[in-house]
Amino acid sequence: MPMPKFLFDCGNTCIKFALFTEEKGLSQYQFIDYSVLHSFVTKLFNLYPMPDEIKISSVTKVERLNTLLSDIAEFTALQPTIAISQNNALGLTNQYDIPQTLGVDRWLGMLAAWDIYHESTLVVDLGTALTIDYVTHDGKFEGGLIMPGIKSLRDALLKDTAIKNIPELPYTSELGHNTSACISSGIHYAVVGSILALHQSLPEVKSVILSGGRAQWLKDILEPILPKTEYHVHKHLVLEGLLRFQA
């Protein structure tokens, strides 16, 4: 078996792991809970040949990243590459005020989007947070938005109001006729409306690239509203960017 690459995307709530080989390309990612990290790493090194490269993207607590590094060090002396946001790479220019302070997950998502499509795009990632980043037709990251994701919006509303014990309903554009339905519709419009508002303010946008667990859900909603825009779903866009990252 060819020597693989191990790719870890350490998020706020869990880790996404993918394997890359020249023969099979990038595997479907796996969700790994931090509580079972050690057993997963042990299983990983027992199942596969020793990797020729290990790459890590992390936006989680430093303690969790250090735990992963310690677990890996039990099996190999190979030093993992820790991805960081760069000034430029692969023709993409980072125009953040301080480029290195841009969340590395956002940078890697844009890096993959630019390397694959080379066009003006909104890169949308709906996870714990909703991030929307704008890349111009000539490969400049112009800036973006960060908002709470669906769960964060709902949790904040229930925490800061007297509304309690409300069932979670599907997030649709239908106006609600009870409190639970109104909350679900409100969250729908908060998420979808932010993407639409930014898109309408940027007439140069050719495509929207969607990532995260609800990427297909967003595509199905946006296509009828913005039919002249191209849509691309990449559920593991950060891992695709991590694969392309070079220190």
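Trainee: Which residues does UniProt place in the feature "binding site"?

Mentor: UniProt positions are given in the numbering used here, feature names are shortened, and annotations may be inferred rather than shown by experiment. In its unreviewed entry, UniProt places this feature at Asp 9, Cys 10, Gly 11, Asn 12, Thr 13, Cys 14, Ile 15, Lys 16 and Thr 128. They span 120 residues in sequence, yet no two of their C-alpha atoms are more than 13.8 Å apart, so they gather at one spot.

Trainee: Does Gly 11 count as buried or exposed?

Mentor: Buried means under 20% relative accessible area, exposed over 50%, and partly exposed in between (1.4 Å probe, protein chains only). Gly 11, at 15% relative accessibility, counts as buried, and Cys 10, at 1%, counts as buried too.

Trainee: What does Gly 11 touch?

Mentor: Contact means heavy atoms within 4.5 Å. Leaving out residues up to four places away in sequence, Gly 11 touches Tyr 34, Val 59, Thr 60 and Arg 64.

Trainee: At what angle do the axes of helix α4 and helix α5 cross?

Mentor: Helices (H or I, at least four residues) and strands (E, at least two) are DSSP runs, numbered from the N terminus. Axes are lines fitted to C-alpha atoms, for helices over the stretch in contact, and angles run from 0 to 180 degrees between N-to-C directions. Here α4 (residues 150–160) and α5 (residues 179–201) have axes that come within 10 Å and cross at roughly 135 degrees.

Mentor: Residues are numbered from 1 along each chain as its sequence is written. In this predicted model, local features need pLDDT of at least 70, side-chain atom pairs count only at pLDDT 80 or more, and totals for chains, interfaces and linings use all residues, while side-chain values use heavy atoms, with hydrogens and water left out.
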